[in-house]
Amino acid sequence: MDPVLNPYAPGAGTPPPLLAGRDTILDAWDVVIGRAAAGNPFQPIVLSGLRGVGKTVLLLAFRERANQAGWPIELFEARPAGDLRAQLAEALPPMIRTVNKRWRNKQRAERLGRIAASFARAVQARLLAGGFRIELEPEVGVADSGDLETDLTELLVALGEGAREEGLGAALLIDELHEVPPEQLSALVGAAHRVNQERLPVVVSGAGLPPVGRVLSEARSYAERLFSIRPVGALSPDDSRDAFAAPAAELGVVIESAALDELVAISGGYPFFIQSYGKHVWDVADGSPIDLEDVALSRPRAYRELVDSFFRPRYDRATPAERRYLHAMADLVDGGPMVSSTEVATKLGHDQPGRVSPQRDGLLTKGLIYAPERGYLAFTVPQMERYLRDLTERP
Ligand SMILES: Nc1ncnc2c1ncn2[C@@H]1O[C@H](COP(=O)(O)OP(=O)(O)OP(=O)(O)O)[C@@H](O)[C@H]1O
Ligand SMILES: [Mg+2]
């Protein structure tokens, strides 16, 4: 069918035609911002999930909802080994613009602008180079100590006090939160804790790979109580059916029930896979209804694209020794969610796991695997084990 009309949207952070199966979490977010604005205690949401499960599109939906409520809200992605102050400072100018537009108390809005300028001062040179600029004179003595936690707390408190007076809230959403270096994460959690203690309507939320909950509590022991860590995973079979069927139905195209079952099964309910298989089956089909034959015809094409865009780029980042480690993991996973690192070492012919820990550490750093529990490992990419097992050439 006409690829121009194809409704499916495989991509990174590309909003799907139907955000299936996420009503509960969206409702939870509405409760958070409602409670925050009302001055009630709240637990900011942190999404935790594998690659391609839809964390970023959920954050976008969070942003949309807070925006509709009139909140200044910024979303940015933490970069590996990045500088959180610089990234926050980049996110500030648009936030300050919104504050200037929305807050009735212009004096407070202006003061917040000056505090933001103070906060950004330490990284101003870089900000200007990046084309960003806060045009205000800094507020001397506030948010300019050079200590990230102190400065961020002062900034968020000023934001929260102003927002409270306006009967609104404000939020910061940080994607790839697990990438924030521990010391900076600790400062961020500390600042979020402080505004929370003062019941200020500032919500610091985010998303990250599954270690994110542990990374947060390693940064600050109370982090797991401060935030509500929400796992985001594959969609249920019913929600997966909706995710395939509804966008087609919207355009007058029916997917036969057996074809739907097959699509749900091969995608495993993983959102990114749903969009990819949906896209290809649409392109291959001659017209409505889409049937099993269309699914069979499109499946290899969809899989090839998944290999090229999802699996292989990650596999290619591993060294040959790391790849052997990945294969050993894949052979051991066997449908379960994780494998023991001791077993991986044994499989690689080593009695002591220490011998292969450089490979394991390399893969952890590259974000290809994570440790769900001490001594256990899992892939950050859904169905990675199947891809690895299907590879004919092994290192
Ligand atoms: N609830 C959903 N229903 C249907 N499709 C979805 C849903 N959530 C996400 N998608 C689709 O899945 C794909 C991946 O979404 P997204 O980029 O948000 O995932 P992610 O978890 O942020 O991945 P990564 O960890 O790689 O950043 C996109 O193509 C998106 O359109
Ligand atoms: Mg993402």
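How many bridges join E7 to E8, and in which direction do these strands run? Two bridges link E7 to E8, and the two strands run antiparallel. The views below come from a predicted model, in which local features need pLDDT of at least 70 and side-chain atom pairs count only at pLDDT 80 or more, while totals for chains, interfaces and linings use all residues. Residues are numbered from 1 along each chain as its sequence is written, chains are lettered from A and ligands numbered from 1 in the order in which they are written, and side-chain values use heavy atoms, with hydrogens and water left out.

**View 1. An open sheet of three strands.** The strands of this sheet follow the order E6-E8-E7, with antiparallel pairing. At its edges are strand E6 (339-340) and strand E7 (369-370), each of which pairs on one side only. Tyrosine 370 has alanine 378, in E8, as its bridge partner. Two strands are said to pair if DSSP finds at least two bridges between them; helices (H or I, at least four residues) and strands (E, at least two) are DSSP runs, numbered from the N terminus.

View 2. A backbone N or O atom lies 2.6 Å from an oxygen atom of ligand 1 in glycine 13, 2.9 Å from one in glycine 54, and 3.0 Å from one in glycine 11. Of the 640 Å² of accessible area that ligand 1 has on its own, the protein covers 95% (areas come from the Shrake-Rupley method with a 1.4 Å probe; for residues, only the protein chains shown count as cover).

**View 3. Asparagine 105 in its loop.** Asparagine 105 is found between helix H3 (84-102) and helix H4 (106-121), and it counts as partly exposed because its relative accessibility is 23%; buried means under 20% relative accessible area, exposed over 50%, and partly exposed in between (1.4 Å probe, protein chains only). Leaving aside residues up to four places away in sequence, asparagine 105 touches Glu165 and Glu166, contact meaning heavy atoms within 4.5 Å. A polar atom of the asparagine 105 side chain lies 3.1 Å from the backbone nitrogen of arginine 108.

View 4. Most residues other than glycine have a negative phi, and most peptide bonds are trans. Glutamate 176, in the loop between strand E3 (170-175) and helix H7 (182-197), has a phi near 55° and is buried, with a relative accessible area of 13%. Serine 288 and proline 289 are joined by a cis peptide bond, with omega about 0°, and proline 289 lies in the loop between helix H12 (271-284) and helix H13 (292-316).

Technical notes:
A polar contact is a pair of N or O atoms within 3.5 Å; within protein, one must be able to donate a hydrogen and the other to accept it, and residues adjacent in sequence count only if both atoms are side-chain atoms.
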